[in-house]
Amino acid sequence: MNKPAELLQGTLDLLILRTLELQRLHGVGIADRLEQVTKGVFVVGPGSLFPALHRLADRGWIEGEWGELETGHRAKVYAITNAGRKRLAEEKRKWNRVSFAVNQVLAEES
Amino acid sequence: MNLKRLYQRLRDPRRAEADLDEEVRSFYDTMTARRVGQGLTPDEAHRITRAECGPPARTIEEVRDARVEAVFETVVQDLRYAIRLLRGSPGFAVVAVLSLALGIGANTAIYSFMESILLRSLPVADPESLVVLNWHSPPPQGGHVMHGIQGRFWPGDEGHLVSGIFPYPAFEMLREGNPAFSTLFGYFDGHNKTLVVHGQATRVSTEYVTGEYFRGLGVSPAAGRLIDSADDRPGAAPVAVISFAASQNRFGGPSGAVGQPVFVNNVPFTVVGVAPPKFFGVDPAAAPDLYLPLHTNLLVDGAEAARMYPDANFYWLEMMGRLRPGVSLAQAQAALAPRFHQWVAATATTDVERARLPALTLNPGAAGLGSLRREYSRPLYVLLAMVGLILAITCANIANLLLARAAARRREMALRLSLGAGRFRVVRQLLTESVMLASLGGALGVLFAIWGIRSLTFLLSDGQPNFTLHAELNWNVLGVTAALSVVCGLLFGLAPAIQSTRPDVVPALKNCPVGGPRRRVQHVLVVAQVAMAFLILVAAGLFVRTLDKLNSVPLGYARENILLFTLDARQAGHRDPEITAFYTNLRKRFESIPGVSSATLSHASIISAGHAGKTYRGAMMAGPAPVLGAIAMVAGPRYHTTMQIPILAGREIDDRDQPGSSPVAVISERLARTYFANQNPLGRKITFVDDKRDLEIVGVSANFRHGGLRNEEDSAMTVFVAVSQFSPDAMTYALRTAGDPLNYVRSVHEIVRQADPSMPVTNVVTQAAEIDRTISHEIMFAKLCTGFAVLALLIACVGLYGTMSYIVARQAGEIGIRMALGAQRGAVVWMVLRRVLLLVAAGLAISVPAALSASQLVKSFLFATRPNDPAALALAGAILVSAAILAGYAPARRASRIDPLAALRHE
């Protein structure tokens, strides 16, 4: 399994926060959702997903709670916190700036 | 990491782990279940999930790694951030680190002394099982089983007498079939002896030890063998064990010493072994060069020694025991105390003696004998309290500076908090900064400590020969220093950190003036600094006044330009009657040294005449009246001239007084007034009863002070007798010199070498240094405390200055408005200074009562100075107030220069 590069690690945080901003989800749900939304560009294995979830939780940006799924399994369901929302807004701004800048450069080159 | 999660994880780490485990497993289960739903068998589904996602254990491992990485990352981040900030304000960093280094260094130095004196164990096998034997007995009034004593004793509780010396029969009784000790061994101080190696004579300190001594202590030799039981018998071949250091000095190393013949006070001995390098015997206050078997004192000390062994009422031998495995100190005490009581009761000869029997007490022996502890523990505790105060002032000071900085950084902190940084994270970052400051201070403090230990050793040892107190920076001390630094960092960092991360974020962001509570904290810190500085100032004042009083004590004899040294012709083999001629001739030759105006000799220096040297110590009569409390001083010709003690009537002792002529005496004025009131004492007799000798009084000298400067009578009664008419042992010469007395030492050595090369010159010292030795603690206290006081004052003033500057800067707007409304500059200066004075007054209000009660603790160190000495208190107060005004004046002046327009515009 490829370990995400540093940029990707930050990006994964951003994507998880964004996903959780819309709804509370458990681990499998987040992985499914990312795969679905990015149309398969990002396939997130548990080896990167769980470290990212715990990192975000450690910083107080998301919170996990045990709950029961429709299938009857117990799973930890994550929700974004207020601090997480602020963080997401900041990350979004940053990302827009960076991607805009990178796109500019790329557009110029072609 | 946010606090709630950290708390949960710390409170129940196993639950957190189990939680993670379950979470990951439920993920795998869900994936597998989904595949089963798609039509795979459970086994296949399981296998594919594992192949795709890797084993769950690895995932868990990844999460743990990420956590560790995150923590490590933030620590590095904090450190980097702290360094950046400190680099941004180097002035603050330098002041903080330097003052911390001074504070921590001083504490480390003092603590290393405490460690070496109070805490360190003897360098022997299993020191914890060693026990020192002592006795204590009621106050010695009206008779005692101790008919004779040779050794140390000291006061215990309730006027009791405490000592560690026993009669030899008691040692034998306790040694036989002892149920509590596996070994019992004895020893006593052999004092200084002349050791001749290869024809070269030196003075060495000796210790007589019983045959069980080295075995009991469990030390092994650096070379050869140690003294054993076979050596410690009357008639055994005389052998000696030499210390490692002495083996290097005298024989060029341990291997060169073994088997060598030596002479100890002219008695031939063979060196059979060398003690290990770190070994210094059982008393940290002494470090014998030579260990001799107990019974060899029969050869060295002569016939008197033989009487000591059988006498059950003569106390002289010190003892230590090693507990048998499994026996506690209390059990040993319970077993031996009755045994000793039974024995000692049988030695009592009268009912009074039976009523005041000494009782055996056992004390822990791991740290050796307690003489150093008794002498230095109180001074060291006082010093430790002082350097502790200095460190506290420093911490308060840095906390204050940090508070001022925290105010400047409040916006930054508020921004970080509002962006979602956890409060704990921000506090931790600030603490990292302060702990880093403290660690830098601690590291630099170690350098200060090395220097401090050196100068303190110098101060403590002031002139004392054989000074054995050597503190060192070992791991124990360094560990305490490191801990101290971290505690300091947390101490002065915590308040500012908590203050600047208060959750009332919004006003800070809006740049509203804040700080009611912060200014209050700053005020409290300044008041505390002032109060602590005052305490140290008072202590310094008291000690300086004590020293002043001591130095102005009238001596009645010359202090400057006198060289003292000791010669022992009897030990070098001279005998009566030739010895007196030998001493007299030497005196004349010393007097002929160019620059020496007069030379004389006496049985001991004036300082130690009362308790040292051989003189007449028996009863005296003046006619029919017994003379009480007089000291006989064995003196040579020109004694009074050399010492500049005025002769009031008659003459001093001179060359006319020969062995054959009629015995003469010179008495001091007080003796004359007391026993020959209204009569002319010249020509009258004074009788030395024990010597059956009448001395004719030929002169009366002025009174002078005996002994040290403290607690001695200022006009003790003295009877001078002529050396030539007395059978002397060692004599102390005194030379009155032009210029520095120590310049003449070389000539003295030359003359002595010509007279008798086997006789060493010892105790070379100036009279001034000899006198100062008696007040070395007072001198040390006065010097150290003055230094501490200057330091404390300086730090407190920096604190005051910083705080006032900060307050003036914060109030610039208000001051500007006042000035715009017509306030005069003088009024503004006064406004600021009034605040300074209020802070100082608050500090003094706390500190004066504290000083009054705390100074009682140092009462025993003072001389002719009351602990609440008003002059010392007033002086300390005056110095403090002036220093505070000085520190506050610059900010006050700055306040008065504020441009109202600029200030208002800024607002």
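Predicted model: local features only at pLDDT ≥ 70, side-chain atom pairs only at ≥ 80, totals over all residues.
## Secondary structure of chain A

Chain A holds four helices and three strands, and when the chain is followed from the N terminus its elements come in the order α-β-α-α-β-β-α.

The three strands of chain A make up an open sheet with antiparallel pairing, in which the order is β1-β3-β2. Its edges are formed by β1 (25–26) and β2 (62–68) of chain A, each of which pairs on one side only. Between β1(A) and β3 of chain A, the latter spanning residues 74–80, the antiparallel pairing runs over two bridges; Leu25(A), for its part, has Tyr78(A) in β3(A) as its bridge partner.

## Where chain B meets chain A

Contact between the two chains involves 24 residues of chain A and 23 residues of chain B. On the side of chain B that touches chain A, the elements that supply two or more residues are α2 (13–37) and α4 (56–88) of chain B, and of these α2(B) gives the most, with eight residues.

Sorted by class, this side of chain B consists of ten nonpolar, seven polar and six charged residues.

Conventions
Residues numbered from 1 in each chain as written. Chains lettered and ligands numbered in written order. Pairing = 2+ DSSP bridges. Contact = placed C-beta atoms within 7 Å. Nonpolar A, V, L, I, M, F, W, Y, C, P; charged D, E, K, R; others polar.
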